[in-house]
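Reader: I've got a model open and I'd like to learn how to read it. Can you walk me through it?

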Amino acid sequence: MVTSAWSRWLLWWFSALVVPAVVLLSSCAGSGDAVAAAGPPQRIEVDYSAGIVQGGVSRIPVAQGRRVQLMVRSDVADQVHVHGYDRKVDVPAGGSATIEFVADRSGVFEVELESRSIQLAQLEVS
Ligand SMILES: [Cu+2]
């Protein structure tokens, strides 16, 4: 038979330890992402011209959960593709295209000029 003292102790233990731990864990993941995503976006600019990525192809660190604003300038018409997040946008010759997304997946993701299979950058989300 469960005594009332025992059930009170269980209840106390559950509310004192388990509930706050779960709330703490979920708020770490949840509100952290929300704050990062709500903050100013990380702006990344890539310039593709004369057949090369100006300044070279770089691996750009991005904090997971952060909003990213990726702007690609290009002197050729193509499509910009962010792998992993599978975002695509057309870029006109001599123009620019912007992709905005929340970097909620960790890993290294290639940004590519799709039809030319040219790597523009890598996003390292962690
Ligand atoms: Cu691609």
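Predicted model: local features only at pLDDT ≥ 70, side-chain atom pairs only at ≥ 80, totals over all residues.

Reader: What share of the 126 residues is buried?

Author: Buried residues come to 17% of the chain. For contacts, look at sequence separation: of those with a separation of 6 or more, 61% are between residues 24 or more positions apart.

Reader: How do I read a strand such as β4, and which residues are on its covered face?

Author: Sort its residues by face. In β4 (residues 67-74), V68, L70, V72 and S74 make up the covered face, while R67, Q69, M71 and R73 are on the uncovered one. Then check the partners. β1 (residues 42-49) runs parallel to β4, with seven bridges, and D47 sits opposite R73. β7 (residues 95-102) runs antiparallel to β4, with eight bridges; here M71 faces T98.

Reader: Now a loop residue. Is E114 buried or partly exposed, and why?

Author: Count the C-beta atoms around it. E114 is partly exposed because 16 other C-beta atoms lie within 10 Å, and buried would take 20 or more. As for location, E114 is in the loop between β8 (107-113) and β9 (118-125).

Reader: Which residues does E114 contact, leaving aside neighbours within four places in sequence?

Author: D78, Q79, H81 and K88. Compare V80: E114 is 34 residues from V80 in sequence, yet their C-alpha atoms are 5.9 Å apart.

Conventions: Residues numbered from 1 in each chain as written. Helix = DSSP H or I, 4+ residues; strand = E, 2+ residues; numbered from the N terminus. Buried ≥ 20, exposed ≤ 12 C-beta atoms within 10 Å, placed from the backbone. Contact = placed C-beta atoms within 7 Å. Pairing = 2+ DSSP bridges.
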